[in-house]
Amino acid sequence: MATLVYIHGFLSSPLSYKALQVKEWLLQYRPDIDYYCPQLTPYPDQCAQTLTTLIEQSKKPVYLMGSSMGGFWATWCAERYALKAVLINPAVDVLDLLPEYLNIELKNYHNDETYYLTEHHLQQLASYQYKKLKNLAHYWLLAQTGDETLDYRLAVEKYKGCFQTIEEGGDHSFQQFERFISDAITFCES
């Protein structure tokens, strides 16, 4: 019937807690929806190529969910392919966030993979950023004001006019995210 692509955050993996929650929920309640959560590197061109291939090879409608940096990539995919996207505490000002990660060894949170980002990668990333959204009805922003990593207000502003659920408190992981999985699928299908 459809394919859901869950896009994990920076230095994360398909083993992230929310990714596993979505996978398990779909298996239990919506086995008709195929689930994909590709392992993405922080290298922008590689990440874009992985997502492009996955979306373009799908023979079914594609729904997107993205958390943190995955929200940035979900936005890029949604804009490029006119898809629906649910964004969970998404990264908005990535060009301001990433300089502190340049020229140092970075380690994936879930495995032994290491990465090394340079200014060149930041320039690549800039080419994937959409300043203005084409179809506001394609987005649902889920944000918690207690996000200790990202300023939720930037997301509120970027996705102004989109469907938004902003909760007081919480944190960057988006506490009790599982409450929204069913409604997120309904949103994508609408």
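## Helix H2 against helix H3

H2 passes H3 in a right-handed crossing. The model is predicted. The axes of H2 (residues 44-57) and H3 (residues 69-81) come within 11 Å, crossing at roughly 50 degrees. That angle makes H2 oblique to H3.

On the H2 side, the contact is made by Pro 44, Cys 47, Ala 48, Leu 51, Thr 52, Ile 55 and Glu 56. H3 contributes Trp 73, Trp 76, Cys 77, Arg 80 and Tyr 81. By class, the residues of this contact divide into 9 nonpolar, 1 polar and 2 charged.

## The sheet

Six strands form an open sheet in the order S2-S1-S3-S4-S7-S8, and the pairing is parallel. Strands S2 (33-36) and S8 (163-167) stand at the edges. Each has a single partner strand, so one side of each is left without a neighbour in the sheet. From one strand to the next, the twist averages 15 degrees.

Thr 3 has Asp 34 in S2 as its bridge partner.

## Helices lying across the sheet

Which strands does H2 lie across? H2 lies across S1, S2 and S3 (62-67). H2 runs at about 170 degrees to S1. H2 is also the helix that meets H3 through the contact described above.

Helix H7 (residues 181-189) lies across S1, S2, S3, S4 (84-88) and S7 (139-144). Its direction is about 150 degrees to S4.

Notes. Residues numbered from 1 in each chain as written. Predicted model: local features only at pLDDT ≥ 70, side-chain atom pairs only at ≥ 80, totals over all residues. Heavy atoms only, no water. Axes fitted to C-alpha atoms, helices over the stretch in contact; angles between N-to-C directions. Helix = DSSP H or I, 4+ residues; strand = E, 2+ residues; numbered from the N terminus. Parallel < 35°, antiparallel > 145°, perpendicular 65-115°, else oblique. Left-handed = near helix turned anticlockwise from the far one by under 90°. Contact = heavy atoms within 4.5 Å. Nonpolar A, V, L, I, M, F, W, Y, C, P; charged D, E, K, R; others polar. Pairing = 2+ DSSP bridges.
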